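Q: Could you show me how to read ring pairs and helix packing in a model like this one?

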Amino acid sequence: MKMGTWMSLIGCLAGIWVMLSPYLVGFAPTHGNPWTGMVLGTDILGALMTLASLVGLVGFWGIQLKQMSRPKSS
């Protein structure tokens with residue numbers, strides 16, 4: 001259970017890093033159109049990674065909380 005949560009959180013942080021990395025390391029243009037092909041591609045990829053990890057995290061915890069709330073039959 002903890003491994004799934006941590007992997008989803010790492011995936012979310014990785015997606016945020018992919019979105020921000022062109023700006024932080026200096027690959028994004030400083031003047032003119034900021035949406036060059038490389039920057040737009042990495043932003044879309046990072047957004048998809050972040051979205052997929054958040055959907056996985058919400059789905060995982062939704063199932064876990066549903067199972068935890070059930071009364072245990074003995």
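Here is a short walk through those features.

A: First, some ground rules: this is a predicted model, where local features need pLDDT of at least 70 and side-chain atom pairs count only at pLDDT 80 or more, while totals for chains, interfaces and linings use all residues. Residues are numbered from 1 along each chain as its sequence is written, and side-chain values use heavy atoms, leaving out hydrogens and water.

Q: How many aromatic pairs does a search of the whole structure find?

A: In general, a pair of aromatic rings is described by the distance of the centres and the angle of the planes. Here the search of the whole structure finds one aromatic pair (rings of Phe, Tyr and Trp, the last by its six-membered ring, with centres within 6.5 Å; planes under 30 degrees apart count as stacked, over 60 as edge-to-face and the rest as tilted). Phe 60 and Trp 61 form that pair, edge-to-face, at 5.7 Å centre to centre and 80 degrees between the planes.

Q: What joins the side chains of Trp 61 and Thr 5?

A: A polar contact of 3.0 Å (a pair of N or O atoms within 3.5 Å; within protein, one must be able to donate a hydrogen and the other to accept it, and residues adjacent in sequence count only if both atoms are side-chain atoms).

Q: How do the axes of helix H1 and H2 cross?

A: Two packed helices are described by the angle between their axes and the distance between the axes. The axes of helix H1 (residues 2–25) and H2 come within 8 Å and cross at roughly 165 degrees (axes are lines fitted to C-alpha atoms, for helices over the stretch in contact, and angles run from 0 to 180 degrees between N-to-C directions; helices are DSSP runs of H or I, at least four residues, numbered from the N terminus). That makes H1 roughly antiparallel to H2 (angles over 145 degrees). Trp 61 is found in H2, residues 37–69.

Note on methods: Helices (H or I, at least four residues) and strands (E, at least two) are DSSP runs, numbered from the N terminus. Angles under 35 degrees count as roughly parallel, over 145 as roughly antiparallel, 65 to 115 as roughly perpendicular and the rest as oblique.
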